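Here are my notes on the model, point by point. Please read them with the structure open.

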Amino acid sequence: MKKEIKTVIGYLSFLNENNKNRRWNVFVKSIENLKKIKTDQPVHLVNFDNNSCKEARDILKKSGFDKQFLFSNNFFDLSVLYGTYYYSKKIGAKYMIYCYDDIEFNGRKFLSDCELFMDENKHVDCVRLCEYRKDDPWFNTTHTSKQKNPDAINHWISPNNKEIKWSTPKKVGESIFHTTNWHYTSRSSMFRVESFEKIVGSVDSLPVLQFFELLGYNTFSKEDLTSAVLEGGVFKTLASHDKNQSERLNIDRNVLESIKIDKKEIELEINKIMGLT
């Protein structure tokens with residue numbers, strides 16, 4: 001009997017002729033480490049590729065994904081954000097995880113603990129999965145710049161700069177979870193599919209990158225969504241926070257703000273690859 005797929009892990013890749021020279025080493029290291037993520041849990045590992053070059057796709061095709069969506073267009077981060085949501089809903093998965101080709105998976109067995117934590121804490125909508133230690137200044141931008149540590153993050157709630165409130169830590173299996181009122185992040189996270197739908201379900205066209213995050217901030221505030229943090233995390237950012245390796249920093253902010261992508265364009269490509277058209 002086929003096991004139920006409870007969690008889908010979406011992985012975004014994007015290497016073209018313009019960026020492969022500066023991003024290739026990060027991509028190769030990321031994809032090699034990602035192969036460790038297969039566990040005894042019935043997880044679906046899915047690749048969403050933004051029309052990468054042949055050399056990158058040749059590697060991706062041999063990397064053990066359960067499903068690949070090799071898009072003919074560049075949908076920016078919506079490929080993995082909206083794509084993982086849409087695909088997860090299609091196959092009836094309960095949870096979705098999004099991650100990127102500039103992260104390193106640390107090999108930790110985390111999935112069963114995260115699923116159990118979410119199962120037992122119905123008020124929690126998502127879990128942040130990037131490398132993080134709560135009381136370590138190395139992960140706090142007040143003490144450490146993103147140039148020194150790309151996984152350092154702002155310790156306030158956007159967009160209103162409110163104070164973060166921390167609950168008593170909970171141990172589930174071998175993992176520690178902190179429930180907070182922290183805002184949405186497009187950094188690697190695990191979501192309830194039904195919770196992510198509150199962000200993407202009310203509009204036909206979606207913004208990209210930091211402007212999608214702004215939509216997430218506002219939705220978290222409006223819907224009173226709750227986030228948690230996995231102590232230690234599972235994904236370490238490999239790319240440096242500069243124009244050499246960050247695609248976001250290479251595009252003018254005004255140009256990014258003007259970009260809106262119709263959800264149906266992504267749905268059409270996914271449906272076509274799944275043979276549903």
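1. What volume does the second largest pocket have? The figure is about 280 Å³. A pocket here is an open set of points on a 1 Å grid over the protein atoms alone, with protein on both sides within 12 Å along at least five of seven lines. Lining residues have an atom within 4 Å of a point. Grid points are joined across faces, edges and corners, and a volume is the space filled by probe spheres set on the points.

2. Some ground rules. This is a predicted model, in which local features need pLDDT of at least 70, side-chain atom pairs count only at pLDDT 80 or more, and totals for chains, interfaces and linings use all residues. Residues are numbered from 1 along each chain as its sequence is written, and side-chain values use heavy atoms, with hydrogens and water left out.

3. Back to the second largest pocket. Its lining has 16 residues, and Ile157, Asn181, Phe220, Ser221 and Asp224 lie nearest the centre. Helix 6 (residues 210–223) supplies the largest share, 3 residues. Helices (H or I, at least four residues) and strands (E, at least two) are DSSP runs, numbered from the N terminus. The lining divides into 6 nonpolar, 7 polar and 3 charged residues. Ala, Val, Leu, Ile, Met, Phe, Trp, Tyr, Cys and Pro count as nonpolar, Asp, Glu, Lys and Arg as charged, and the others, Gly among them, as polar.

4. The whole structure has 1 cavity of 30 Å³ or more. A cavity is a set of grid points where a 1.4 Å probe fits but cannot get out. The largest cavity holds about 70 Å³. Its lining includes Arg128, Glu131, Asp151, Trp182 and Arg187. By class, that lining has 5 nonpolar, 3 polar and 4 charged residues.

5. The largest nonpolar core has 40 residues. Such a core is a set of buried Ala, Val, Leu, Ile, Met, Phe, Trp, Tyr and Cys residues joined through side-chain atoms within 4.5 Å. Buried means under 20% relative accessible area, with a 1.4 Å probe and protein chains only. Tyr98, Tyr184, Phe191, Phe196 and Phe212 have the most contacts inside this core. Helix 3 gives the most to this core, 7 residues. Apart from this core lies another, of 33 residues, among them Ile37, Phe110, Met118 and Leu230.

6. Phe212 deserves a look. Beyond its neighbours within four places in sequence, Phe212 contacts residues including Leu78, Leu81, Tyr184, Phe196 and Pro207. Contact means heavy atoms within 4.5 Å.

7. Helix 1 (residues 20–34) bends by about 25 degrees at Val26. The bend is the angle between axes fitted to the seven residues ending there and the seven starting there. Val26 is itself buried, as are Lys20, Arg23 and Phe27, among others in helix 1. Cover for the buried residues of helix 1 includes strand 1 (7–13), strand 2 (43–50) and helix 2 (54–60).

8. Helix 4 (residues 111–120) is mostly covered, with 7 of its 10 residues buried. Among them are Asp113, Glu115 and Asp119.

9. Is Thr226 buried or exposed? Thr226 counts as buried because its relative accessibility is 17%. Thr226 sits in the loop between helix 6 and strand 11 (227–230). Trp182 is 44 residues away from Thr226 in sequence, but their C-alpha atoms are 7.3 Å apart.

10. Gln68 is in strand 3. Gln68 and Ile273 are 205 residues apart along the chain, with 8.5 Å between their C-alpha atoms. The two residues also touch.

Terms used:
Buried means under 20% relative accessible area, exposed over 50%, partly exposed in between (1.4 Å probe, protein chains only).
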